[in-house]
Amino acid sequence: VHLPSLIKYTISDYQRHVLNWLNFIDENIFGACLADDMGLGKTIQIIAFILSQRTKRPSTNNLIVVPTSLLFNWQDEVAKFAPSMRLFTHYGPNRLKSIGEFDRYEVILTTYGMVLSDIHFLKSYRFNYIFLDESQAIKNPESQRYKAVRMLQSRNKVVLTGTPIENNTFDIFGQLSFACPGLLGSKQYFKAIYSMPIDKFEDRKRSNELQKRIEPFILRRTKKQVATELPDKTEMVIYCEMGEEQRKVYDACEKELREYILGKTQDDLTRSSMHVLTGLTKLRQICNSPALLKDEEFKGNHSAKIEVLVE
């Protein structure tokens with residue numbers, strides 16, 4: 001597939017493979033799950049794919065649903081790498097309560113919470129693509145979040161996650177039943193035929209069957225697999241000294257915790273390990289800001305003092 005000329009990013013070979021794969025999925029109208037490890041650029045790959053849709057379907061728009069914590073990251077990535085993309089963010093108390101403006105935009109960006117709140121009118125609009133980022137958010141098919149996104153309409157659907165299976169095999173059912181409806185049957189069928197035998201009895205035959213069934217619709221690469229194409233990691237350690245008042249609070253708490261530990265035997269510490277962990281957490285909170293603590297004497301406006309590791 002030709003790389004969209006409007007993208008301001010140098011795409012690597014493993015990312016170009018994603019673009020080829022997504023276009024194959026698109027031509028066959030298959031739903032899909034892009035499950036690359038975190039840090040391999042799923043966001044930029046989806047941006048490139050949306051740009052490639054312009055020549056195929058110029059007058060359509062796409063919905064991207066993300067956790068609230070990633071909303072501004074998506075806005076920044078689009079502004080940086082695809083400034084020509086017409087992006088509309090559907091979020092906040094002053095958001096439009098209708099789909100009247102959607103036709104003017106190429107991408108509608110919103111959160112799972114907004115979908116849940118506004119599903120009564122969002123479900124009436126038909127998008128070209130729906131992309132769910134961090135799609136493990138809908139792994140529970142009994143949740144209101146899952147039920148809401150299932151009501152959305154689109155020509156095709158793609159879910160994005162670095163952790164397609166977090167706890168057990170059933171995690172994949174909710175995500176793929178959204179992207180590829182009918183592929184895994186009903187949840188009762190999936191639980192009886194795959195989830196229970198694989199998770200409870202480690203049934204290798206069922207595991208292989210499930211893997212073959214979902215393989216065409218899931219693309220997953222780990223960092224180790226594409227290590228030769230990844231840029232060198234850059235580490236920057238930035239030290240921020242505490243202010244005088246903040247240091248006074250920190251030293252007092254550290255002294256209290258240190259004296260507690262020194263006054264205990266190894267057996268005592270084993271039994272009270274949660275108290276020690278709580279103390280360490282408290283020290284970390286003070287490094288951020290004493291205002292985070294409930295103690296009134298520690299409250300106030302303090303600069304965040306943190307050690308940052310930037311990859």
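Student: How much space lies in the second largest pocket, and what makes it a pocket rather than a cavity?

Tutor: In this predicted model, the second largest pocket holds about 310 Å³ of space. A pocket is an open set of points, whereas from a cavity the 1.4 Å probe cannot get out, so the open set is called a pocket.

Student: Which residues line the second largest pocket, and which lie nearest its centre?

Tutor: Its lining has 13 residues, and I165, Q211, I214, I218 and R220 lie nearest the centre. Helix α8 (204–214) and strand β7 (218–219) are the elements that give two or more residues to this lining. The most comes from α8, with four residues. By class, the lining of the second largest pocket has eight nonpolar, three polar and two charged residues.

Student: What is known of the largest pocket, and which residues lie nearest its centre?

Tutor: The largest pocket contains about 920 Å³ of space. Its lining consists of 31 residues, with M38, G39, L40, G41 and K42 nearest the centre. Helices α1 (13–27), α2 (42–56) and α3 (71–81) are the elements that each give two or more residues to that lining. The lining of the largest pocket divides into eleven nonpolar, eleven polar and nine charged residues.

Student: How many cavities of 30 Å³ or more are there, and which residues line the largest cavity?

Tutor: The count comes to one cavity of 30 Å³ or more. The largest cavity holds about 50 Å³ of space, and this value lies above the cut-off of 30 Å³. Its lining is made by I50, Q53, R54, R57, P58, T60, N62, E106 and N128. Helix α2 supplies the largest share, three residues. Two nonpolar, four polar and three charged residues make up the lining of the largest cavity.

Student: Why is K56 called partly exposed?

Tutor: K56 has a relative accessible area of 35%. Buried means under 20% and exposed means over 50%, so a value in between is called partly exposed. K56 has its place in helix α2.

Student: With which residues is K56 in contact, leaving aside its neighbours within four places in sequence?

Tutor: On that basis, K56 is in contact with N23, D26 and E27. Contact requires heavy atoms within 4.5 Å. As for L210, the C-alpha atoms of K56 and L210 are 33 Å apart, and the two residues are 154 residues apart in sequence.

Student: What makes a set of residues a nonpolar core, and which residues have the most contacts inside the largest one?

Tutor: The members must be buried residues of the listed nonpolar types, joined through side-chain atoms within 4.5 Å. The largest nonpolar core has 39 residues, and V115, L132, V149, L152, L176, L184 and F190 have the most contacts inside it. Elements that supply at least two residues of this core include β2 (62–66), α4 (112–122) and α7 (187–201). Another core lies apart from the largest one and has 31 residues, among them I11, L51, Y129 and L219.

Student: Why do β3 and β7 stand at the edges of the sheet?

Tutor: The open sheet has seven strands in the order β3-β4-β2-β5-β6-β1-β7, with parallel pairing. Both β3 (87–90) and β7 have a single partner strand, so one side of each has no neighbour in the sheet.

Student: How do you know that β1 and β6 pair?

Tutor: Pairing requires at least two bridges between two strands. Strand β1 (residues 32–34) and strand β6 (residues 153–160) have three bridges, in the parallel sense. A32 has V158 in β6 as its bridge partner. The two strands therefore meet the requirement and count as a pair.

Note on methods. Residues are numbered from 1 along each chain as its sequence is written. This is a predicted model: local features need pLDDT of at least 70, side-chain atom pairs count only at pLDDT 80 or more; totals for chains, interfaces and linings use all residues. Side-chain values use heavy atoms; hydrogens and water are left out. On a 1 Å grid over the protein atoms alone, a cavity is a set of points where a 1.4 Å probe fits but cannot get out, and a pocket is an open set with protein on both sides within 12 Å along at least five of seven lines; lining residues have an atom within 4 Å of a point. Grid points are joined across faces, edges and corners, and a volume is the space filled by probe spheres set on the points. Ala, Val, Leu, Ile, Met, Phe, Trp, Tyr, Cys and Pro count as nonpolar, Asp, Glu, Lys and Arg as charged, and the others, Gly among them, as polar. Buried means under 20% relative accessible area, exposed over 50%, partly exposed in between (1.4 Å probe, protein chains only).
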